[in-house]
Protein chains: 4
Amino acid sequence: MATLNKVTLIGYLGHAPELRYTNGGDPVAHFTLATTETWKDKATGEKKEATEWHRIVMYRKLAEISGEFLKKGSLVYIEGKLQSRKWTGKDGVERVTVEIIADDMRMLGGRHAGHEDGQQAAHDAEPRHQSAPAKGRQPQFEYEDDAIPF
Amino acid sequence: MATLNKVTLIGYLGHAPELRYTNGGDPVAHFTLATTETWKDKATGEKKEATEWHRIVMYRKLAEISGEFLKKGSLVYIEGKLQSRKWTGKDGVERVTVEIIADDMRMLGGRHAGHEDGQQAAHDAEPRHQSAPAKGRQPQFEYEDDAIPF
Amino acid sequence: MATLNKVTLIGYLGHAPELRYTNGGDPVAHFTLATTETWKDKATGEKKEATEWHRIVMYRKLAEISGEFLKKGSLVYIEGKLQSRKWTGKDGVERVTVEIIADDMRMLGGRHAGHEDGQQAAHDAEPRHQSAPAKGRQPQFEYEDDAIPF
Amino acid sequence: MATLNKVTLIGYLGHAPELRYTNGGDPVAHFTLATTETWKDKATGEKKEATEWHRIVMYRKLAEISGEFLKKGSLVYIEGKLQSRKWTGKDGVERVTVEIIADDMRMLGGRHAGHEDGQQAAHDAEPRHQSAPAKGRQPQFEYEDDAIPF
DNA sequence: TTTT
DNA sequence: TTTT
């Protein structure tokens, strides 16, 4: 295919992760993440600020770790892909929501930093980047991905 | 701040860039970009494929270059940030559109690869990444690299 | 061209930035950055850890900001490119040193987090990423976002 | 840990991958990758160009795929981490080599584009990014990582 | 030489 | 609406 779909974010959680479960019993976590950019208006010289809210979705082990260690205000590094999802509201209007399906997360502290225990890299499925030294790597857990209807 | 909002894509243009102009006369380009992932269904063993469409927006010089060299089917590398935008349709319903505001683009060829002339990196505003070689880059900056013992 | 050379790091400074000046008077900062990965040895089950040290180089404004706000132990996000440099030691042996020429830096706190004033994104040359919000950013660019039906 | 060590490259292979095997029988591929940046000298106005050569290392399945499909001149997207390795030459001098341990590769074509069959994303270990749709994902292969001494 |  |  030769295509790439990647999102990298560092931001603050707007609320604690909401943890749910699929029919198959797999955990799914949802939360929002805020990134803020600031700049100085060239004309008026005044400081400006804009916040972007991102919808983060995590599955399986990453969902569990986030559910356990992340809180409102946590600062995290997130890596994932963009995925849009169509849904129809009660008003009968079809809408599209764009979400980031995360597959890597690192806790960076922040206002309400979590337990020391959580200060690690966490990945969806097999670790790839940080967690993959040249020798002695470990396979990890088995997950059935079928049926994640949320 | 300490936040980061970054998207990295490699994909195919769904249509040639639409070039418009702001009131101030600055060019703005819009196009869609397809990324496709393929996988094999664990249960049935059949090949699966899913395509994600991304809405790309470019300004100024990057918009001009894209308008000139990119076509339907072009393969490009895009770097930018996520930005959501609210708008109200003719039906009076408010919706949110998520776009990627690009600030870096590289042509990678594809089915209808553009001119050789366009086979370069292009950036919004001042170059940052690729554009700072060790020696002889910019007149306003002469550095003797020989003696950097670190 | 169509090439890309990019490094993204989050790590801890091994020592405060060393600030020097080129003949032309431009500031250059050097420091080392540690990234650490941990894993569990599959066979023995024991915890393993490996630290990688990266040589970071910054120029101009980014060098100044880092010289002012970063210390030993600071946690930072760094973006840049790989660049190798040949040099001959006093022993007459030629060696190659690989450095990361940074063009983006964000302070993330860490043990000895810097001033609040330093808690911002900093870029080499003109800002590109974070710095281009949808409205009201720059005087030289007025865009009416209301009517971008795409 | 909260650290990150990531390299992203798009470049051309300097030579076909050299495929070797560890004592444990696992494949390891080595090749060099060229990234080139071009700029115009502000003072003289002449075109400048600098090429950076990166040492890429791949293991297991990624090594196999690369050994099969990549050639001299292939254009690829590479993702991985920086890792330095000390070694002592026949002259008794200790040197450090910095390599990129790749965990993701996408073929982008290039001068001598490979088989159509190879035009896919390939990952080290479990797929994470592109290859991880919401449903029906697949675990993949089992590899014993022990003993990769090259 | 960092950090958790 | 792209591409392989």
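The largest cavity is lined by 14 residues, and T8(A), T8(B), K6(C), T8(C) and T8(D) sit nearest its centre. Here a cavity is a set of points on a 1 Å grid over the protein atoms alone where a 1.4 Å probe fits but cannot get out, and lining residues have an atom within 4 Å of a point. Its volume is about 130 Å³, taken as the space filled by probe spheres set on the points. Elements giving two or more residues to this lining include β1 (4-13) of chain C and β1 (4-13) of chain D. By class, the lining holds four nonpolar, four polar and six charged residues, with Asp, Glu, Lys and Arg counted as charged.

A word on the ground rules: this is a predicted model, in which local features need pLDDT of at least 70 and side-chain atom pairs count only at pLDDT 80 or more, while totals for chains, interfaces and linings use all residues. Residues are numbered from 1 along each chain, chains are lettered from A in the order in which they are written, and side-chain values use heavy atoms.

Now turn to chains A and B. A rotation of 180 degrees with 0.0 Å of shift along its axis superposes chain B on chain A, with an RMSD of 0.1 Å, fitted by least squares on C-alpha atoms of residues with pLDDT of at least 70 in both. The two copies are thus related as by a two-fold rotation axis. In chain B, V7(B) has the C-alpha nearest that axis, 2.2 Å away.

Between them, 31 residues of chain B contact 32 residues of chain A (heavy atoms within 4.5 Å).

Definitions and conventions
1 Å grid on protein atoms, 1.4 Å probe; cavity = no way out; pocket = protein on both sides within 12 Å on 5 of 7 lines; lining within 4 Å. Helix = DSSP H or I, 4+ residues; strand = E, 2+ residues; numbered from the N terminus.
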